[in-house]
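This report walks through one model, element by element. Please keep the sequence and the 3D view open while reading.

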Amino acid sequence: MNWQIQQILRRRRGAETGAIPAGCGGALSVCLVYPNHYAVAMSSLGFQTVYKLFNDQPDLVCERAFLPDRDELDAYLKSGDTLVSLENERPLSDFDLVAFSISFEPDFVNIPRILKLARIPSCAADRTGADPLVIAGGAAFLINPEPAAEFFDLIAFGEGEALIPPLAALCVQHVAASREMLLQELGRLAGSYLPAAGHDTAVQRITAPAAAPPACSVLLTDETEFGNMFLVEVSRGCPRGCRFCAAGFVYQPFRQQPLELLKAAVLEGLQHRKTIGLVGAAVSDHRSIEALCNFIVEQDGSPSLSSLRVDRLTPHMLELLAKSGHRTISLAPEGGSQRMRDLIRKNLTADQILDAAEAVARAGILNLRLYFIIGLPGENDQDLEELVKLTAAIKERVVEQARRHKRLGEITLSVNPFIPKPFTPLQWAGMCPLEELKRKVAWLEKRIRPLANLRLKVEDLHGCVLQALLSRGGRELTPLLLQMAEGLNLRKAAKLCGIDVEACVTRIYAPDEKLVWEVAPVADRERLLTEYQAAMKQLPEEQTP
Ligand code: SF4
């Protein structure tokens, strides 16, 4: 194999801890693939958890592979080498099972790229008994598996803790069986979806057993964004049900880990890292979050929370975060105007947001990151005007506190366009057209730029359109993904495949339509619809669909 690839793999192995020892073997060989670069994968607690779950099964060894970085990819292409696993540098095509763990829809584009590098046919229909079984699971499939469905022999719907043990046991038991027979057996498991067979009947979503311990970092390396942290999952799902947010509807019910188990995980983590990254969609909603942060600080550690609910901030919590070195706190008002916050059911008033920002600054944390969504259904310039006013008022409160602390901070406005996500109440709504989004962004830039200490950060709009397309599309997108994997951009690939991207992402669905992503429906479609109708009631009659 090319020496440059070997060097990269050797360096990665040398810089990480927690991987299975080289040379390990078992009856069944699994290669777990993250369809993005190593540095991205290693910050994914979900990916790490699946790695551990596979390796905890008897008679099985699981290795890992990733989308190669630029220089690594060049080396693969120049040498003609086939993609290999990190642990034992084994070609992916030699494994019994190649399992993709996919969290984000835009990574669908990388699936055929990886399979091509691994010399495994991209589409399941083209594989033979000589190829490994290619399966997939992960959050992106809980939202919509269809655009990528044809790449896989099997898709597993649900949470790894419940899916992997029976799946692995069956694969070990039938390791010598033909591909067809193994697939037939696997297809009988709860949560299994065989894309080749279609989906006449709904597939069941599988939830982790109630007693599953908290997921924690298994692999530690500095070559990743959260390299300085030991990650601990404190809760799964979210009880709030904001109408745009998949996390609140796809992972149900809301589950909180017991404090005692979390403390044990923290003690383990502090042996490796000083900072404990608390993971979950609704970390600050955990019933014992303050006690947990207290415990971490008492142990000389530092808790890190990705974002805090505006209405869950307490002076003590902020004091703890300030004491443990937090310089920035993220708050997510999401809606700039009360009308938009009510539409998405954020349940926050401007006063609550202002008080929270002031409390954060009073605690000495003077950098704020504020998350807003633009392009929500029915949004107009008056809503944007209110977003700017709210931001200016937040800034005033923060500056007042900054004077007391004799330090200046910075406020970052992180603006994301609304993407109608499957299995949320706003799944029936359409995305705002790209040109209109560009106009809104330009309008905001003009208004925000003159304000000192305010920074506007806008998510890449074209990337968001791709995400929306892959969230809402069906199997007609398979050829488009194949073209993009060959290097075409979205516009060119869509033109070649005859796909009207704008029409797909902006389309408003009728409530009685069968939606392409309803392969494994969430429990309560009626509830989603009631919430959608309640959201639309916030709009004037001429704007309701
Ligand atoms: S936006 Fe946040 S609070 Fe709302 S449902 Fe999603 S995770 Fe929960």
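## Helix H5

The buried residues of H5 are Asn 110, Ile 111, Pro 112, Ile 114, Leu 115 and Leu 117. Buried means under 20% relative accessible area, exposed means over 50%, and partly exposed lies in between (1.4 Å probe, protein chains only). Helices (H or I, at least four residues) and strands (E, at least two) are DSSP runs, numbered from the N terminus.

What do the buried residues of H5 pack against? Their partners are strands S2 (28-34), S3 (60-66), S4 and S5 (133-137), plus helices H4 and H18 (478-485). Contact here means heavy atoms within 4.5 Å. After H5 comes Arg 119, with a positive phi near 60 degrees.

## Basis of the model

The model is predicted: local features need pLDDT of at least 70, side-chain atom pairs count only at pLDDT 80 or more, and totals for chains, interfaces and linings use all residues. Residues are numbered from 1 along each chain as its sequence is written, and side-chain values use heavy atoms, with hydrogens and water left out.

## Helix H12

H12 covers residues 315-323. Its buried residues are Met 317, Leu 318, Leu 320, Leu 321 and Ala 322. The cover over them includes helices H11 (289-298) and H14 (350-362). Strands S13 (302-305) and S14 (328-334) are also part of that cover. Just after H12, Gly 325 has a positive phi of about 95 degrees.

## Ligand shell

Which residues surround the ligand? The shell holds Cys 238, Arg 240, Gly 241, Cys 242, Phe 244, Cys 245, Ala 281, Arg 309 and Lys 346. A residue is near a molecule or strand if one of its heavy atoms lies within 4 Å of it.

By class, the shell has 5 nonpolar, 1 polar and 3 charged residues. Ala, Val, Leu, Ile, Met, Phe, Trp, Tyr, Cys and Pro count as nonpolar; Asp, Glu, Lys and Arg count as charged; the others, Gly among them, count as polar.

Glu 87 sits in the loop between helix H4 (70-79) and strand S4 (97-101). Is Glu 87 buried or exposed? It is buried, at a relative accessible area of 5%. Its side chain makes a polar contact of 2.9 Å with the side chain of Tyr 51. A polar contact of 2.8 Å links the side chains of Glu 87 and Arg 64. Such a contact is a pair of N or O atoms within 3.5 Å; within protein, one must be able to donate a hydrogen and the other to accept it, and residues adjacent in sequence count only if both atoms are side-chain atoms. Leaving out residues up to four places away in sequence, Glu 87 touches Arg 13, Ala 19, Ile 20, Ala 22, Tyr 51, Glu 63 and Arg 64.

Val 279 belongs to strand S12 (residues 275-279). Val 279 is partly exposed, with a relative accessible area of 27%. Beyond residues up to four places away in sequence, Val 279 touches Leu 45, Leu 231, Val 232, Glu 233, Val 234 and Ser 235.

## Aromatic rings

The whole structure contains 9 aromatic pairs. In Tyr 509 and Trp 517, the ring centres are 5.5 Å apart and the planes meet at 85 degrees, so this pair is edge-to-face. Rings of Phe, Tyr and Trp (its six-membered ring) pair if their centres lie within 6.5 Å; planes under 30 degrees apart are stacked, over 60 edge-to-face, and the rest tilted. Both Tyr 509 and Trp 517 are buried. Ring pairs also join Tyr 34, Tyr 38, Phe 47 and Phe 66 in a cluster.

Two arginines lie over ring faces. Arg 90 is 4.7 Å from the ring centre of Phe 95. Arg 205 is 4.6 Å from the ring centre of Phe 423. The criterion is NZ of Lys or CZ of Arg within 6 Å of the ring centre and within 35 degrees of the ring normal.

## Backbone exceptions

Most residues other than glycine have a negative phi, and most peptide bonds are trans. Asp 59 has a positive phi of about 65 degrees. The peptide bond from Gln 252 to Pro 253 is cis, with omega near -5 degrees.
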